[in-house]
Amino acid sequence: MVKLVFINGVMGVGKTTVSKQLYTKLDKSLWLDGDWCWVMNPFVVNKETKKMVVNNIVSQLQNAIDSKQFEQIIFSWVIDREEIYETIISRLTGDFELIKITLLCSKETLAKRIEKDIQCNKRQKNNLERSLLKYDSYLKLESIKIYTDNKLIEEIVEEIKERVA
């Protein structure tokens with residue numbers, strides 16, 4: 001049975017960096033990033049685009065499950081409410097084991113990471129405020145919590161790998 005591993009966390013916590021390395025350390029794995037479904041110009045968030053994004057995510061995940069080529073499917077995204085999980089999972093069919101992992105770090109560490117990204121033009125100035133507004137919602141999720149403060153990417157990847165392999 002395929003393991004469907006959702007890696008979530010506030011913007012700037014390291015989901016993409018961790019997922020990018022994790023899937024290369026797991027045999028027969030695939031990585032999908034929910035942010036890829038939001039790459040549009042102009043960037044518009046409304047009822048129609050939200051529906052389109054969820055439909056695309058469900059389609060990609062379902063295709064991966066149906067392919068029977070993978071032992072682990074890694075999906076990273078900024079899922080901050082249980083309803084988002086339910087919306088996606090309720091539409092998936094087939095045999096899979098769901099593993100929900102939330103990456104966390106202190107607010108101080110998060111601020112340093114996002115400020116660094118802003119200086120490198122990877123993020124916008126309002127991203128820190130947006131991340132801090134959503135921070136507490138991630139603590140409430142029914143998921144495995146992994147704190148990333150003072151850890152190397154390799155250490156975080158190994159910790160997740162031990163839980164999913």
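What follows is a short exchange about the sheet, the helices on it and a few backbone details.

Q: What sort of model is this, and what cut-offs apply?
A: This is a predicted model, in which local features need pLDDT of at least 70 and side-chain atom pairs count only at pLDDT 80 or more, while totals for chains, interfaces and linings use all residues. Residues are numbered from 1 along each chain as its sequence is written, and side-chain values use heavy atoms, with hydrogens and water left out.

Q: OK, the sheet. What is the strand order?
A: The order is β2-β3-β1-β4-β5, in an open sheet of five strands with parallel pairing. Helices (H or I, at least four residues) and strands (E, at least two) are DSSP runs numbered from the N terminus, and two strands pair if DSSP finds at least two bridges between them.

Q: Which strands stand at the edges?
A: β2 (29–33) and β5 (144–147) do; each has a single partner strand, so one side of each is left without a neighbour in the sheet. From one strand to the next the twist averages 20 degrees.

Q: What packs on the sheet?
A: Helix α1 (residues 15–25) does, touching β1 (2–8), β2, β3 (72–77) and β4. Its direction makes about 160 degrees with that of β2. Helix α6 (residues 153–164) also packs on the sheet, touching β1, β3, β4 and β5, and its direction makes about 155 degrees with that of β4. Axes are lines fitted to C-alpha atoms, for helices over the stretch in contact, and angles run from 0 to 180 degrees between N-to-C directions.

Q: How many bridges does β1 have to β4, and how many to β3?
A: Seven bridges join β1 to β4, and six join β1 to β3. Both pairs run parallel. Isoleucine 7 stands opposite isoleucine 101 in β4, and valine 5 has isoleucine 74 in β3 as its bridge partner.

Q: Is β1 buried or exposed?
A: Seven of the seven residues of β1 are buried, meaning under 20% relative accessible area, with exposed over 50% and partly exposed in between (1.4 Å probe, protein chains only). In a regular strand the side chains alternate between the two faces of the sheet. For β1 both faces are covered, with Val2, Leu4, Phe6 and Asn8 on one side and Lys3, Val5 and Ile7 on the other.

Q: And β4 with β5?
A: Strand β4 (residues 96–104) is joined to β5 by four bridges, and the two run parallel. Leucine 104 stands opposite tyrosine 147 in β5.

Q: Back to helices. How do α1 and α6 pack?
A: They pack at an angle of about 55 degrees, with their axes 9 Å apart. The two are therefore oblique to each other; angles under 35 degrees count as roughly parallel, over 145 as roughly antiparallel, 65 to 115 as roughly perpendicular and the rest as oblique.

Q: Which residues make the contact?
A: Thr17, Val18, Gln21, Leu22 and Lys25 of α1 make it with Ile153, Glu154, Ile156, Val157, Ile160 and Lys161 of α6. Contact means heavy atoms within 4.5 Å.

Q: What about α4 and α5?
A: Helix α4 (residues 107–119) and helix α5 (residues 127–139) pack at about 155 degrees, with their axes 10 Å apart. That makes α4 roughly antiparallel to α5. Lys107, Leu110, Ala111, Ile114 and Glu115 in α4 meet residues of α5 including Leu128, Leu132 and Tyr135.

Q: Which non-glycine residues have positive phi?
A: Lysine 68 has phi near 60 degrees and lies in the loop between α2 and β3. Asparagine 150 has a positive phi of about 55 degrees and lies in the loop between β5 and α6.

Q: Are those two buried or exposed?
A: Lysine 68 is exposed, with a relative accessible area of 67%. Asparagine 150 also counts as exposed, at 82% relative accessibility.
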